[in-house]
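Thank you all for making the time this morning. Please have a look at what is on the screen, and then I will take you through a few places in it.

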Amino acid sequence: MKASRILIEGWVTSFRYPAFISGFQPSLSVPPLSTIYGLISAAKGELITPEDLSVGYIFIHRGKAIDLETIYELSGLKGKSNVIKREFLVEPKLYLYLDDPSYGKYFKNPHYPLLLGRSTDLVTVSQIKQVNLDEKFNVQLGKTILPLGTEGAYGTIQALPTHFTNTIPRKAVGTKPFIMMNQFFDYTQKCYFDEEMEWGIWFHKG
């Protein structure tokens, strides 16, 4: 299969757990699909959903840390500031695979700024490359999210949406359980394989 592989890098990022509203804010270990489709939508300049494009990705970072962050709590027309602790991931790298190689052009000149996580987490596109992915058994798979029930996968299970609508307010769509797989494991079933990077790619299809 021909695909575009896009390397996206940043300084820091944080992916919020949907259930955490106040207090300490931990980060998901890998970005949810909704973040990925938001990134692609920003690059193209219009809403992209799993019905339009299948994606796979590998996410790597150099470690975690905790910082203090000022937030503003609104109640009607009044608001007050508060300070919380937020976990963030250092030097994130996202290897994004798109099953339609033509989408690679949108990352050469993105329509909107590219963000990975919070609105302050700007990222840059380091590489855009067309690759051939063959299907292969017994590959190293991981550092991504996988559907619950994927053979051999383990990790934190979290219900996450696949994307959001472009309505106001936005609505979560396609929420289902995923495994947050933040390390590689031996996957014995057939999977797309990037020979150059020596890892398997799980494509999430609409």
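This is a predicted model: local features need pLDDT of at least 70, side-chain atom pairs count only at pLDDT 80 or more; totals for chains, interfaces and linings use all residues.

**The largest pocket and its surroundings**

The lining of the largest pocket is made up of 15 nonpolar, ten polar and four charged residues, where Ala, Val, Leu, Ile, Met, Phe, Trp, Tyr, Cys and Pro count as nonpolar, Asp, Glu, Lys and Arg as charged, and the others, Gly among them, as polar. Residues are numbered from 1 along each chain as its sequence is written, and side-chain values use heavy atoms, with hydrogens and water left out.

The volume of this largest pocket is about 850 Å³, a volume being the space filled by probe spheres set on grid points that are joined across faces, edges and corners. By pocket I mean, on a 1 Å grid over the protein atoms alone, an open set of points where a 1.4 Å probe fits, with protein on both sides within 12 Å along at least five of seven lines, and lining residues have an atom within 4 Å of a point.

Which element gives the most to that lining? It is helix H1, with seven residues. H1 covers residues 33-44 and spans 17 Å from its first C-alpha to its last, close to the 16 Å expected at 1.5 Å a residue, the expectation being 1.5 Å times one less than the number of residues. Helices here are DSSP runs of H or I with at least four residues, and strands are runs of E with at least two. Ten of the twelve residues of H1 are buried, among them Leu 33, Ile 36 and Tyr 37; buried means under 20% relative accessible area, exposed over 50%, and partly exposed in between, with a 1.4 Å probe and protein chains only. After H1 comes Gly 45, with a positive phi near 95°.

Let me turn to strand E1, residues 2-10, where Ser 4 is placed. Ser 4 counts as buried because its relative accessibility is 1%, and a polar atom of its side chain lies 2.9 Å from the backbone oxygen of Pro 101.

Finally, two backbone details. Glu 91, in the loop between strands E5 and E6, has a positive phi of about 50° although it is not a glycine. Ile 168 and Pro 169 are joined by a cis peptide bond, with omega about -5°.

Notes
A polar contact is a pair of N or O atoms within 3.5 Å; within protein, one must be able to donate a hydrogen and the other to accept it, and residues adjacent in sequence count only if both atoms are side-chain atoms.
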